[in-house]
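Here are my notes on this model, point by point. Please read them alongside the coordinates.

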Amino acid sequence: MRGFILCALIGLPAAAQVTDRGVTFDDIRQSPNANWLTYAGDYKGTRHSPLKQIHRGNVASLVPKWTYHMETGRRLEVSPIVYDGVMYVTNSNEVQALDAGTGRRIWWYKDEQSEIQRVNRGAAILGDHVFFATGDCHLVALDRKTGAVLWHKKYADTSKGYFATLAPLVVKDRVLVGVGGGDSGMRGFLSAHSASTGEELWKLYTIPARGEAGAETWSEKLIDWGGAATWLSGTYDPELNLVYWTTGNPWPDFFGGDRRGDNLYSCSVIAIDPDTGKRKWHFQFTPHDTHDWDAQGWPVLIDIPWKGQARKVLLHANRNGFFYVLDRVTGEFLRATPFVDKLDWAKGVDDKGRPIEVPGKDPSPAGTKACPCVRGASNWMSPSYDSETGLFYVVTLEQCDVYVSSSKEPEPMHNFAGGAGEQIPTEPGKFYLRALDPKTGNRAWDYPMTGPGTMWAGTVSTAGGVVFFGDDDGHLVALDSANGRHLWHFNMGQPLFASPVTYAAGGKQYVTIASQTDIFTFGLFEPATAVPVLEGLKTLK
Amino acid sequence: MRLFLLLLPAVLCAQPVPRMDEPDNPLTGDPAAVEAGRKLFTASCGACHGATGEGGRGPNLRDGKLIRRSSDFQMFNTIRKGVPGSDMPGANLPDANIWQLVTFVRALGAPAAETIVPGEPSRGELVYAKSGCAGCHMISGRGGTLGPDLSNIGAARSYEYLRESVLKPGERISAGYQPVTVKLKDGRTLEGVARNYTNYSFQLMDKDGKLYLLNASDLADAKVDVASLMPADYGERLSKEEMTDLVAYLSKRTLRPVEARRRPERRRGAPR
């Protein structure tokens with residue numbers, strides 16, 4: 001056991017057997033270390049690694065170590081997970097296991113029978129099981145060493161408008177999954193499944209049924225198809241035993257005339273008991289949203305001093321342009337501050353956190369200019385939080401759109417969103433990596449990016465004093481996390497839609513990010529060692 | 001081989017739903033058409049595509065997605081007109097003969113689970129157990145790790161592919177399952193299958209199911225065989241009935257429900 005712990009801290013030794021010891025719940029609680037065991041590395045969504053072999057003093061000598069080409073890659077959005085020297089990457093309906101030290105494939109599982117091709121954002125792991133969701137909402141468990149199928153369960157009906165893109169979240173002995181489809185009409189839910197069999201343990205809808213509390217925030221017409229999708233993974237506080245999951249827009253996205261009211265529990269974060277599936281509290285960021293501002297930014301769980309006392313808070317940079325701090329025990333609103341300059345739809349928020357809306361910013365048939373843009377001030381790209389600097393690093397987009405609405409009769413599952421957000425040709429968007437101080441809401445520093453304004457890449461920060469992020473021009477970039485000073489960059493030559501991770505294998509720290517079609521991995525420069533061709537490989541047997 | 005020829009007429013398969021403006025294959029699911037198509041194929045196509053569609057100068061017609069994703073009418077036109085810019089000429093045959101060829105080629109590549117196959121799967125499960133298949137293969141999480149997972153093999157491979165894989169395992173070794181022996185510089189020897197290897201690294205699964213990630217610089221030597229660890233004598237060990245039942249059992253291994261059907265569903269025109 002002790003040997004394994006040492007191994008986990010520094011990664012596999014050079015000629016190594018992958019451990020027979022499966023991942024435990026406790027391992028996930030201790031992640032990240034050499035391993036990276038959840039989408040965000042840890043349960044709390046901080047996406048911050050204690051590794052510091054690569055640091056602000058030597059990151060300038062970072063070089064590519066290996067590249068893995070995903071043959072089927074068109075737009076990779078995966079955040080890999082890594083366990084004991086094996087990396088698990090996903091794409092639409094497939095998982096591949098790679099030697100994390102060399103980038104060579106160990107196994108490849110592809111579900112050729114899936115009805116739906118969608119991007120896929122990653123896998124989860126527990127015991128010897130690697131979990132992922134197919135585009136058509138089958139939750140699949142694969143053997144981590146062979147890729148053999150252990151079980152394969154349908155968890156949502158595609159004929160009701162569902163699809164899946166998310167990385168599952170493992171909590172204790174169960175696997176949590178959500179659904180997409182909220183732009184075409186469906187009823188969002190989150191469900192938990194036995195990690196050993198896939199059996200459904202509970203299901204929590206994010207739109208109340210008729211007669212339930214919250215149903216009064218909908219008009220009769222659309223409550224059955226109200227959206228509030230759960231298309232991004234959540235975070236978890238083991239001490240409080242609460243899962244935090246965000247929800248998407250109400251449907252139709254841009255026309256609210258047929259769904260008057262706040263439209264609970266759309267555009268919200270919901271705190272859930274993972275044992276029972278019961279909602280403990282919720283906070284709605286954008287009541288009655290009409291700008292497609294899903295709340296799918298990450299709920300990041302940290303403890304900070306607040307008015308002289310330690311407080312368990314939840315940080316969240318919302319598409320609507322406000323950076324929120326909530327009490328994650330109770331859901332109490334603490335503060336919201338604008339984190340973009342281009343924000344004109346609300347004057348601020350009141351003392352309960354409800355936006356003070358500016359009249360005339362709703363979408364209209366002729367078009368209404370409003371800020372932020374439909375993609376939001378940030379989005380699902382991962383932020384990081386470094387407790388040493390006390391800063392929250394978030395990719396931010398400064399852009400306005402013209403919002404157009406349509407009052408055409410909604411048709412569920414017919415790709416009808418009730419309008420659109422359209423980019424203003426003369427006002428292109430500009431991305432920044434922005435460091436925010438959660439204690440004040442103030443910006444500590446900004447790093448502006450160049451590029452077409454189309455990226456979706458996030459961040460990872462490290463104890464080495466470096467924050468890595470994918471930029472809008474296809475670079476992986478390293479900045480000094482204390483002040484935003486540029487330290488290193490590498491051009492991958494492709495648009496980026498994924499967030500980087502860091503891990504160790506063979507005692508060496510690596511940084512990995514998926515580009516559009518490839519997995520790139522970087523490490524510190526070492527002179528090459530000559531490798532003679534082995535005698536047995538000189539001729540084919 | 002003789003058994004295969006006897007069985008082939010029974011392999012009746014599904015196909016992609018035809019487009020609205022395409023004529024149907026009038027012979028879909030007709031056992032006599034499969035057999036007639038086989039004879040025509042052997043005489044007219046086998047020289048390039050292989051006697052059983054395994055490929056040669058021309059493409060493999062058994063495993064390719066090209067065949068699975070083509071409608072029968074698209075295949076009909078390819079046979080009738082040939083492939084411009086390639087060695088494949090058009091066929092000067094009556095329409096009925098071309099439809100027979102299409103029906104035969106469709107039978108070659110269709111997933112086994114979508115075909116009506118001979119044999120009794122429940123008896124085949126017993127054959128699978130007594131023959132030791134689970135020592136190397138896994139189905140739904142039970143079994144060994146040296147061979148490919150068979151949990152979904154009926155949806156992934158054709159009946160013929162499965163049958164040949166049992167009878168002649170050495171003819172097709174799935175990537176990642178080549179036998180390997182490596183000697184480490186520390187004196188240890190590891191035996192198993194190479195899930196992957198290069199001059200610079202090995203990803204090896206040993207016979208006990210342990211996974212090793214090895215740098216070539218840590219090895220004294222390594223040998224990789226182009227052979228299969230699977231015994232090649234199942235054709236002698238098993239009776240014809242047992243073999244038929246075993247392949248029937250494998251044909252039914254799917255992760256999603258798959259319906260074996262004689263005729264494809266029709267979506268166009270009035271209900272009939």
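1. Conventions first. Axes are lines fitted to C-alpha atoms, for helices over the stretch in contact, and angles run from 0 to 180 degrees between N-to-C directions. Helices (H or I, at least four residues) and strands (E, at least two) are DSSP runs, numbered from the N terminus. This is a predicted model, in which local features need pLDDT of at least 70, side-chain atom pairs count only at pLDDT 80 or more, and totals for chains, interfaces and linings use all residues. Residues are numbered from 1 along each chain as its sequence is written, while chains are lettered from A and ligands numbered from 1 in the order in which they are written.

2. Helix pair in chain B. Helix α5 (residues 72–81) of chain B packs on helix α6 (residues 95–109) of chain B at about 120°, and their axes are 9 Å apart. That makes α5(B) oblique to α6(B) (under 35 degrees is roughly parallel, over 145 roughly antiparallel, 65 to 115 roughly perpendicular, the rest oblique). From α5(B), B:Asp72, B:Met75, B:Phe76, B:Ile79 and B:Arg80 meet residues of α6(B), among them B:Trp99 and B:Val102; contact requires C-beta atoms, placed from the backbone, within 7 Å. By class, this contact has eight nonpolar, no polar and three charged residues (Ala, Val, Leu, Ile, Met, Phe, Trp, Tyr, Cys and Pro are nonpolar; Asp, Glu, Lys and Arg charged; the others, Gly among them, polar).

3. Interface. In chain A, 34 residues are in contact with 36 residues of chain B. β11(A) gives the largest share of chain A's side, four residues. That side has 16 nonpolar, 10 polar and eight charged residues.

4. β1(A) and strand β6 (residues 211–215) of chain B run antiparallel, joined by two bridges; pairing needs at least two DSSP bridges. A:Gln17 has B:Tyr212 as its bridge partner in β6(B).

5. Sheet in chain A. Four strands make an open antiparallel sheet, in the order β4-β5-β6-β7 (chain A). Its edge strands are β4 (81–83) and β7 of chain A. The twist averages 20° from one strand to the next. Within the sheet, β5 (residues 86–91) and β6 (residues 94–99) of chain A pair over six bridges. A:Met87 stands opposite A:Leu98 in β6(A).

6. Confidence. Chain A has a mean pLDDT of 95, with 97% of its residues at 70 or more; pLDDT is the predictor's confidence in each residue, from 0 to 100. One caveat: over residues 1–12 of chain A, pLDDT stays under 50.

Conventions:
Contact = placed C-beta atoms within 7 Å.
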